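Subject: Structure for your review

Dear colleague,

Please find below the sequence and the structure that I am handing over to you. My findings follow directly after them.

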Amino acid sequence: MPPRPLDFESINENVKRAQYAVRGELYLRASELQKEGKKIIFTNVGNPHALGQRPLTFPRQVVALCQAPFLLEDPNVGLLFPADAIARAKHYLSMAPGGLGAYSDSRGIPGVRKEVAEFIQRRDGYPSDPELIYLTDGASKGVMQILSTIIRGQGDGILVPVPQYPLYSATIALHGGSLVPYYLEETENWGLDANDLRQAVSQARYKGITVRAMVIINPGNPTGQCLSEANLREILRFCYQENLVLLGDEVYQQNIYQDERPFVSSKKVLMDMGPPISRELQLVSFHTVSKGYWGECGQRGGYYEMTNIPPETVDEIYKVASVSLSPNVPAQIFMGLMVNPPKPGDISYDQYVRESKGILDSLRRRARLMTDGFNSCRNVVCNFTEGAMYSFPQIRLPPRAIEAAKQAGKVPDVFYCLKLLEATGISTVPGSGFGQKEGVFHLRTTILPAEEEMPAIMSSFKKFNDEFMEQYEDHRGYSRM
Ligand code: DCS
C-alpha cells in the first residue's frame, strides 16, 4: 500500500523541518522524570504563573465578572468586588456584544484596540491608529500571521538574530522560507553590528535569496540584552536602505532590570527620525499579556501595530485573521486591562502598584542572583540579564565532554543539559535550540523560580557543574570562548 497522506513519510516536509527546542528533548525527558516522581524545576519556559507567580488581582476581578455577568446583578457584588473592577467589567461587556461567549471582530474588539492605541501614544508620544492594531492569541499568532504574509516561498529570506527564540526559525520553516542569520556578539553584551548585518544580506543575496524582513527581539530572548536608541536607529536605517520590513518583537518591554538602557520602542525611534524614513519604512511591532509583571501566558492575549503598511495589505491581513474568526475574547480584555491599568486615585490603584512593583523588584534581584551564581561557577561565563526573563550562560565544555557527547549520540550542550536534569531536576534548554556559533555552548534558564528557592537552585547547579568539570576536564584545555 502506498503511504497514506498522514503517514510520516508523506507529510509536509516543512513540518518536519521545523524545530522548537523550548519544548524539545529536554522538556520531554523532564516530563518523564516528573511522572516517575522526581521533583523537576521547569525553567525551560518563560511561564511565570507555573513557577508560583500570583496573578495581579485587579485584572482577574474584572475578567471574573465578565465571565460571570450574573454576579453583576447580585446585590452583594459590591462586597466581593471593588467598585472600579465592577465599572471596568461593565465597560468591557458594553463593548463586546454577546459577552465573552461570542466571537468578536477578527481584528479584535474596537474599544480594546482603541485602548491599545492610546497606550502606544502615551508610551511613544506619537499618534497611533486603532485601525492598524490587530489583537491576537498571544504574540505568537501575530508573528505567524505577519510572516505568512511576507514569505512567498523558499527564495524569500528573513534576517533573524542568532541566538533567537525558535518561534521565528520554526515559523519560517513551516512557510518554506529561508532563515538568514545575523549573529549577536556575546563579548559585546550580545550587541549587533551593522557591518555584520550587511554581510549577512549580501551573502544571502549571493545565494539567490531575496531578503524581505528583519526580526529584532528587544529585550532579547534568550540573550537578555536591551537595545540602545543608537542601535535601533542604525537598525532602522539599515532596513530602509535594504528595503526590509522590520518586525519588532517587544514582548519583554516591561521586563527591564537596569537603569542605563530603558526600553525604547522601535516605533518611537522611527518617528523621532522624521521623514522620509518615518513615513516609508514598514514596521510591525508585537506585544503580549504573557510577559512583564502580568505573566498571563495561559490567557493567550497579544497585539501587533502596523506602521506604513498600505490599506490594501491591512485588508488582506484582516482576511487572514478572519479565517480564524476571532482572537480569544477574555484575552482581549486582559490586553485592554494591561494597557489601561488602574490610575492614581482609583480604588484598586495602590494594590495594583504594590503587586506589580513587588514582582518586578523581585525579578530584578533574581536576574542579579542568577548571573552572579553562574559567573561563580567553573568554566561558566554569563552576561547580565538586562531585560526579558532568561539567563544564557556559556558553558566551556572540556574536549573530553564533547567526545563523550559524540559517543552518546548527543549534541554536546544537550548532553550537558540532560546530565544537569538527571542530577538536579533543573530543566533548561540547550543553547543549540536557539542557534549558536560553531563550537560554543550555552544553556538557557528562566530567572523565574521563586526568589527564596534561588540560592538552593544555584548551589545545586554549582555542585553538579563542579562534578561534571571534574569528571571531564583533562586540565589541558577547554572549548574555546
Ligand atoms: N516572542 C518572544 C521573544 C517570546 O519569548 C515569546 C514567548 C513570544 C514571542 C510569544 O509569546 P506569547 O505567544 O505567549 O505572547 N516565549 C517563550 C519562551 O521562550 N519561553 O516561554 C515562552
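Phe-415 is buried, with a relative accessible area of 9%. This value, like all others in this message, comes from a predicted model. Phe-468 is buried as well, and its relative accessible area is 3%. Since buried means under 20% relative accessible area, both values fall within that class.

The rings of Phe-415 and Phe-468 form an edge-to-face aromatic pair, with 6.4 Å from centre to centre and 65° between the planes. Phe-415 belongs to helix H17 (residues 412-424) and Phe-468 to helix H18 (residues 454-472), so the pair ties together parts that are 53 residues apart in sequence. The two residues also belong to a cluster, in which ring pairs link Phe-415, Tyr-416, Phe-464, Phe-468 and Tyr-472.

Helix H16 (residues 399-407) packs against H18 at an angle of about 90°, and their axes are 8 Å apart. H16 is therefore roughly perpendicular to H18. On the H16 side, the contact is made by Arg-400, Ala-401 and Ala-404; on the H18 side, it is made by Phe-468, Gln-471 and Tyr-472.

How many aromatic pairs does the structure hold? There are 16 aromatic pairs. One of them joins Tyr-293 and Tyr-352, in an edge-to-face arrangement with 6.4 Å between the centres and 70° between the planes. This pair links distant parts of the chain, 59 residues apart: Tyr-293 sits in the loop between strand S7 (283-288) and strand S8 (302-307), whereas Tyr-352 sits in helix H15 (residues 349-375). Both Tyr-293 and Tyr-352 are buried.

Rings also meet charged side chains. Lys-16 lies over the face of Phe-8, at 4.1 Å from the ring centre. Arg-368 lies over the face of Phe-384, at 4.2 Å from the ring centre.

Gln-254 is placed in the loop between strand S6 (245-249) and helix H11 (266-273). Is Gln-254 buried or exposed? Its relative accessible area is 18%, so Gln-254 counts as buried, the cut-off being under 20%. Leaving aside residues up to four places away in sequence, Gln-254 touches Lys-291, Gly-292, Tyr-293, Trp-294, Met-338 and Leu-360. By contrast, Gln-254 and Leu-72 are 32 Å apart in space, C-alpha to C-alpha, and 182 residues apart in sequence.

An open sheet of seven strands has the order S2-S8-S7-S6-S5-S3-S4, and its pairing is mixed. Its edge strands are S2 and strand S4 (178-183), each of which pairs on one side only. On average, neighbouring strands of this sheet are turned by 20° against each other, direction ignored.

Within this sheet, S8 deserves a separate description. Six of the six residues of S8 are buried, so S8 is largely enclosed by the rest of the structure. In a regular strand the side chains alternate between the two faces of the sheet. In S8, Gly-302, Tyr-304 and Met-306 point one way, and Tyr-303, Glu-305 and Thr-307 point the other way.

S8 pairs with strand S2 (residues 133-136) in the antiparallel sense, over four bridges. Among the residues involved, Tyr-134 has Tyr-304 of S8 as its bridge partner. S7 and S8 also run antiparallel and are joined by six bridges, and Ser-285 stands opposite Glu-305 in S8.

Elsewhere in the sheet, strand S5 (residues 210-217) and S6 run parallel and are joined by five bridges. Ile-217 stands opposite Asp-249 in S6. Helix H9 (residues 194-206) lies across strand S3 (156-162), S4 and S5, and runs at about 150° to S4.

There is also an open sheet of three strands, in the order S10-S14-S13, with antiparallel pairing. Strand S10 (390-391) and strand S13 (429-430) are its edge strands, and each pairs on one side only. S10 is joined by two bridges to strand S14 (residues 443-446), and these strands run antiparallel. Ser-391 has Thr-445 in S14 as its bridge partner. H15, the helix that holds Tyr-352, lies across S10 and S14 and runs at about 150° to S14.

Yours sincerely

Terms used
Residues are numbered from 1 along each chain as its sequence is written. This is a predicted model: local features need pLDDT of at least 70, side-chain atom pairs count only at pLDDT 80 or more; totals for chains, interfaces and linings use all residues. Side-chain values use heavy atoms; hydrogens and water are left out. Rings of Phe, Tyr and Trp (its six-membered ring) pair if their centres lie within 6.5 Å; planes under 30 degrees apart count as stacked, over 60 as edge-to-face and the rest as tilted. Buried means under 20% relative accessible area, exposed over 50%, partly exposed in between (1.4 Å probe, protein chains only). A charge sits over a ring if NZ of Lys or CZ of Arg is within 6 Å of the ring centre and within 35 degrees of the ring normal. Two strands pair if DSSP finds at least two bridges between them. Contact means heavy atoms within 4.5 Å. Axes are lines fitted to C-alpha atoms, for helices over the stretch in contact, and angles run from 0 to 180 degrees between N-to-C directions. Angles under 35 degrees count as roughly parallel, over 145 as roughly antiparallel, 65 to 115 as roughly perpendicular and the rest as oblique.
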